[in-house]
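Here is a short briefing on one protein model with its ligands. Please look at the sequence and the fold before reading on.

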Amino acid sequence: MSVLDNKVVSGVVEVGRGLATVAKHLFRPPVTLEYPEVMPDLSDRFHGRLSLLTKSGGEDLCIGCQACARVCPCGDLIQIEMHRDEQKVPVIDRFTIDLGRCIFCGNCTEVCPVDCIKMQDDFELAEYSREALVLDKYALSLSGEESDEYRVRHGLEKHVE
Ligand code: SF4
Ligand code: SF4
């Protein structure tokens, strides 16, 4: 058999192998989704958008301890300013997170002593500017109702007071 014949035979074998692979996958269920029409069913532990849970009545749950800011490996991307009122209750004046610099490691959520800062399963975080990715307390905070829903879903106790 000439060199040319050999090449033709090996070419036909390769084409046959490719077609066999296509045939094998033809009747398998697809592993991809028609996103964004179909959204993925994500795990409860998915590391998405950070948010602040509030008490059941919508009041601040954060006590301003700074633990989340200190444990963050990305420097100063969490900024918190707070004071205490006459009853010594913490009042959060400013709470910002720069999501554009966040690596979604989850460290901040693990150290929070009151289960306030949490990750959602929202991954659609694209914005037109870096500034828009700096979320303030109002953009970060869930309502009391949403916070309770989150707590029920994740087996946490409600903060009714
Ligand atoms: S998830 Fe990690 S990087 Fe992002 S704010 Fe929390 S500690 Fe910092
Ligand atoms: S660790 Fe929790 S309570 Fe402390 S400042 Fe961060 S979010 Fe607030």
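How do the residues of the shell around ligand 2 divide into nonpolar, polar and charged? They divide into 11 nonpolar, 2 polar and no charged. This is a predicted model: local features need pLDDT of at least 70, side-chain atom pairs count only at pLDDT 80 or more, and totals for chains, interfaces and linings use all residues. Residues are numbered from 1 along each chain as its sequence is written, while chains are lettered from A and ligands numbered from 1 in the order in which they are written.

**Ligand shells**
- A residue is near a molecule if its C-beta atom, placed from the backbone, lies within 6 Å of it.
- Nonpolar covers Ala, Val, Leu, Ile, Met, Phe, Trp, Tyr, Cys and Pro; charged covers Asp, Glu, Lys and Arg; the others, Gly among them, are polar.
- Ligand 2 is surrounded by 13 residues, and the closest are C62, C65, A67, C68 and C112.
- Ligand 1 has 14 residues around it, with C72, C102, C105, N107 and C108 the closest.
- The shell of ligand 1 holds 12 nonpolar, 2 polar and no charged residues.

**Domains**
- The chain splits into domain 1 (1-31) and domain 2 (50-153), with bounds from an automatic or database domain assignment.
- Their C-alpha centres lie 55 Å apart.

**Sheet**
- Strands are DSSP runs (E, at least two residues), numbered from the N terminus.
- Two strands pair if DSSP finds at least two bridges between them.
- An open sheet of 3 strands runs in the order 2-3-5, with antiparallel pairing.
- Strand 2 (78-84) and strand 5 (134-135) are the edges, each pairing on one side only.
- Strand 2 joins strand 3 (residues 90-98) through 7 antiparallel bridges.
- M82 has I92 in strand 3 as its bridge partner.

Key
Helices (H or I, at least four residues) and strands (E, at least two) are DSSP runs, numbered from the N terminus.
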